[in-house]
Each structure stands twice: as C-alpha cells, then as structure tokens.
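Subject: Structure for you to look at

Hello,

Here is the structure I said I would pass on. Please open it first and keep it beside you while you read the notes below.

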Amino acid sequence: MLPRAPLYTERLCLRPYEPADADAFFALLHADRARFQPSFPDRLQAVRVPADAVTSLLTFAEDWRTGRFYVFGIWHRATAEYVGDICLMPQQKGQAEIGYYLAAAAEGYGYAREALGAIIDFGFTAMGSQRLLVRCYANNVRGQAVARAVGFQLEPPLKRPLWFLNSDALNQIQRFWLTRDAA
C-alpha cells in the first residue's frame, strides 16, 4: 500500500481526501455539475447530495488502500481553498490513466499543469508506472494544452474496425501518452 501522503508544488497541495473535505468536495461538484457532466458522469452520478460526498470520500480511501485508484484533492497552499481533483488509476502492463478537473474559477492560472506535473512524478516513482494516459474530448482544447505542456504526446487516431465506420465515437476522444523514459 502506498502511503497517503500529500504532494506539494510551488502553489498547490495535492492530498488524499479526508471525511472533513466532504462539504467542499460536494460544493465544487454541485457548482460545476453541468460543466463536468460530459467528462465525469460517473462521479456526478455518485455524488448527487451532500451525504453522497462522504460515501465517495470513504470509497476513495478504500480504493487507495487496495491500490485500485489514487484520488487527490487539490488545494491552493496560500489560501487553503479547494480548487479541484486529480486521480490516477492503475491499468494493465504498467499503465495508469490520469483524470483531473478544476473549479471554473480556478481555471486559467496554471493549476492543472502544476498538479499534473506532480501526479506524473507520483505515477512514475511511487506507483512504478511505465506509461501514463490522459484522455480528453476532441473539443477540450484547454485539457489537451495542459497534457502537451507537461510532455504528453497525442496518440495517432486508431484505425476503425469496418463494423465501426459509421460511428464518430472514436473521433471524440483524444488520447495523450507519456512514457517513463520520455519524462
């Protein structure tokens, strides 16, 4: 089991959630629910009311204990304001996927890039991952810019199976990879 220790950047503290964070966690999700719906529907489905936030944070702690999922809240160090969330999910063959979101008011200050840099280090060192993945919708230009800014490379579009030719689903998601040797 990896220790539940915070990660610090110049301006941010990324730390595993505690039950006392439930109100801030719920408030951020609730305030930006419509904006988060396309990318984080499962999270929003799981956290509909304040009591659900407590349950989710307890689940995150159990997921951490079992190594299934590592979820960090993002706090501004100078103000202690909760500004977002970033997580790493181990996958097969030394791979892990990163997901992140920020409050609308926290966007545009470089916080996502700063948090992603800390999570890259956590993924490659603490977790021992060899490849990290960030997926973004094709129209999420800001998310793609964050991934590129810290060294992720766009994966070439996947070849569509013949039976899938009439679907645009594959074109909607951009996949960005970073390998340990490239970091």
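Is phenylalanine 72 buried or exposed? At 0% relative accessibility, phenylalanine 72 counts as buried; the word means under 20% relative accessible area, while exposed means over 50% and partly exposed is in between (1.4 Å probe, protein chains only).

Before the rest, two points on how to read the values. This is a predicted model, in which local features need pLDDT of at least 70 and side-chain atom pairs count only at pLDDT 80 or more, while totals for chains, interfaces and linings use all residues. Residues are numbered from 1 along each chain as its sequence is written, and side-chain values use heavy atoms, with hydrogens and water left out.

Aromatic rings

A pair of aromatic rings is described by the distance of the centres and the angle of the planes. Rings of Phe, Tyr and Trp (its six-membered ring) pair if their centres lie within 6.5 Å; planes under 30 degrees apart count as stacked, over 60 as edge-to-face and the rest as tilted. By this rule there are 16 aromatic pairs. In one of them, phenylalanine 36 and phenylalanine 40 have ring centres 6.2 Å apart and planes at 85°, so they are edge-to-face. Phenylalanine 36 is buried at 3% relative accessible area, whereas phenylalanine 40 is partly exposed at 23%. The rings of tryptophan 64 and phenylalanine 72 are also edge-to-face, because their centres are 5.1 Å apart and their planes stand at 70°. Tryptophan 64 is buried, with 0% relative accessibility.

Ring pairs also link Tyr17, Phe25, Phe60, Phe69, Trp75 and Tyr82 into a cluster.

The charged end of arginine 4 is over the ring of tryptophan 64, 5.8 Å from its centre. Arginine 131 lies over the face of tryptophan 177, 3.6 Å from the ring centre.

The sheet

Helices (H or I, at least four residues) and strands (E, at least two) are DSSP runs, numbered from the N terminus. Two strands pair if DSSP finds at least two bridges between them. Eight strands form an open sheet with mixed pairing, in the order 1-2-3-4-5-6-8-7. Strand 1 (7-8) and strand 7 (153-154) are at the edges with a single partner strand each, so one side of each has no neighbour in the sheet.

Strand 4 (residues 82-90) has seven of its nine residues buried, so the rest of the structure largely encloses it. Strand 3 (residues 70-76) runs antiparallel to strand 4, and six bridges join them. Tyrosine 70 is opposite leucine 88 of strand 4. Strand 4 is joined to strand 5 (residues 95-102) by seven bridges, again antiparallel, and aspartate 85 has tyrosine 101 as its bridge partner in strand 5. Strand 6 (residues 131-137) and strand 8 (residues 173-179) are antiparallel as well, over seven bridges; there, cysteine 136 is partnered with glutamine 174 of strand 8.

What do the turns on either side of strand 4 contain? The hairpin of strand 3 and strand 4 has five residues between the strands, and alanine 80 in the turn has a positive phi of about 65°. Alanine 80 is exposed, at 56% relative accessible area. In the hairpin of strand 4 and strand 5, four residues lie between the strands, and lysine 93 has a positive phi near 55°. Lysine 93 is exposed at 78% relative accessibility.

The core

A nonpolar core is a set of buried Ala, Val, Leu, Ile, Met, Phe, Trp, Tyr and Cys residues joined through side-chain atoms within 4.5 Å. The largest one has 52 residues, and Leu14, Phe25, Ile86, Ile98 and Phe152 have the most contacts inside it. Helix 5 (residues 111-124) gives the largest share of this core, nine residues.

Contact means heavy atoms within 4.5 Å. Leaving aside neighbours within four places in sequence, isoleucine 98 is in contact with residues including Ile86, Leu116, Val134 and Phe152. Helix 1 (residues 22-31) lies across strand 4 and strand 5, at about 95° to strand 4; axes are lines fitted to C-alpha atoms, for helices over the stretch in contact, and angles run from 0 to 180 degrees between N-to-C directions.

Regards

Methods. A charge sits over a ring if NZ of Lys or CZ of Arg is within 6 Å of the ring centre and within 35 degrees of the ring normal.
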